[in-house]
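Here is my note on the model you sent. Please read it with the structure open.

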Amino acid sequence: MFNRKLLECSERHSIIIHFHCNCGALQKIRMANEARPCPCDLGDELTYAGRGEEVQIEHTRAYIVKPPSSCDKAIVVIQDIYGWQLSNTRYMADLLAANGYIAVCPDFYVGKEPWSPSHDWSKFQEWLEDRKPTNINKEVDAVLRFLKEQCGAKHFGVVGFCWGGIATHYLALDYPEIKTGVSVYGIIREREDRYDLKCPTLFIFGEKDDFIPLAQVTALEAKLKEKCTMDYQVKIFPGQSHGFVHRKNEDMNPTDKPQILEARTDMLNWLKKYM
């Protein structure tokens with residue numbers, strides 16, 4: 001059993017979730033394929049119901065949460081490989097809403113099965129074939145229409161994690177309507193124009209990320225410095241692994257807690273600056 005306590009900080013309009021485990025630590029869910037473990041570990045899955053609601057947006061579903069007072073600024077929260085219903089991602093959407101944004105997390109897989117820790121990592125590329133993070137225009141267009149017509153939003157940002165970090169990088173290249181983006185452990189590797197950002201973008205990475213080698217991160221930063229005309233920042237958190245910003249429970253990882261909270265604060269400050 002877990003006793004959950006939701007605290008609201010009125011000064012910073014942020015939310016913090018504390019979990020106290022009466023039976024020890026949360027069991028870390030790992031890939032069943034021990035011979036080839038997934039570098040994108042699920043980590044500490046939160047038992048968190050969320051403050052928002054699920055809605056239908058044209059051909060797909062979405063989780064949406066609104067701030068305490070009305071606003072015209074909306075953030076599209078883009079899921080990782082574990083899907084739009086992962087409680088960790090909904091917690092991040094609620095964090096954004098508590099800081100004054102309409103936050104919407106659509107099902108970018110449009111009903112298709114998300115990745116699971118029980119899946120065989122050797123078949124990941126096959127699974128990814130019809131779930132490419134650069135093939136999301138139909139869903140993004142539908143969500144932007146919904147936010148404009150149903151929520152009165154006029155300013156748009158995007159935050160994505162893992163798979164969603166790649167999608168965020170993609171939208172920063174192709175959607176001038178997006179005012180700013182925060183790509184959390186995600187890089188587009190294939191496109192020649194991947195450094196030609198159309199909006200200010202913050203890239204967050206962990207130094208010990210097994211999925212994104214540090215050499216790729218430093219190369220991204222060097223190329224952005226050479227070619228990008230938009231404001232950007234590439235920030236690397238020492239000692240941190242893939243997923244640390246949203247898939248680590250800060251209260252169960254006291255050594256990592258300062259960097260987890262710092263990364264989330266960086267995200268909020270970046271959005272506040274450009275939204």
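Predicted model: local features only at pLDDT ≥ 70, side-chain atom pairs only at ≥ 80, totals over all residues.

1. Residues are numbered from 1 along each chain as its sequence is written, and side-chain values use heavy atoms, with hydrogens and water left out.

2. An open sheet of 8 strands runs in the order β3-β4-β6-β5-β7-β8-β9-β10, with mixed pairing. Strands are DSSP runs of E, at least two residues, and helices are runs of H or I, at least four residues, numbered from the N terminus; two strands pair if DSSP finds at least two bridges between them. β3 (53-57) and β10 are the edge strands, each pairing on one side only.

3. Strand β4 (residues 60-65) pairs with strand β6 (residues 102-106) in the antiparallel sense over 4 bridges. V65 stands opposite A103 in β6.

4. Helix α3 (residues 137-151) packs on the sheet, touching β3, β4, β5 (73-78), β6 and β7 (155-161). Contact means heavy atoms within 4.5 Å.

5. Helix α5 (residues 214-227) has 14 residues and reaches 20 Å from its first C-alpha to its last, close to the 20 Å expected at 1.5 Å a residue. The expected span is 1.5 Å times one less than the number of residues.

6. V217, L220 and L224 are the buried residues of α5 (under 20% relative accessible area, 1.4 Å probe, protein chains only; exposed is over 50%). They cover an arc of only 55° around the axis, which puts them on the same side of α5; the arc is that of the directions from the helix axis to the C-beta atoms. A215, K225 and E226, on the other side of α5, are exposed. The buried residues of α5 pack against α4 (163-174), β9 (201-206) and β10 (232-237).

Terms used:
Axes fitted to C-alpha atoms, helices over the stretch in contact; angles between N-to-C directions.
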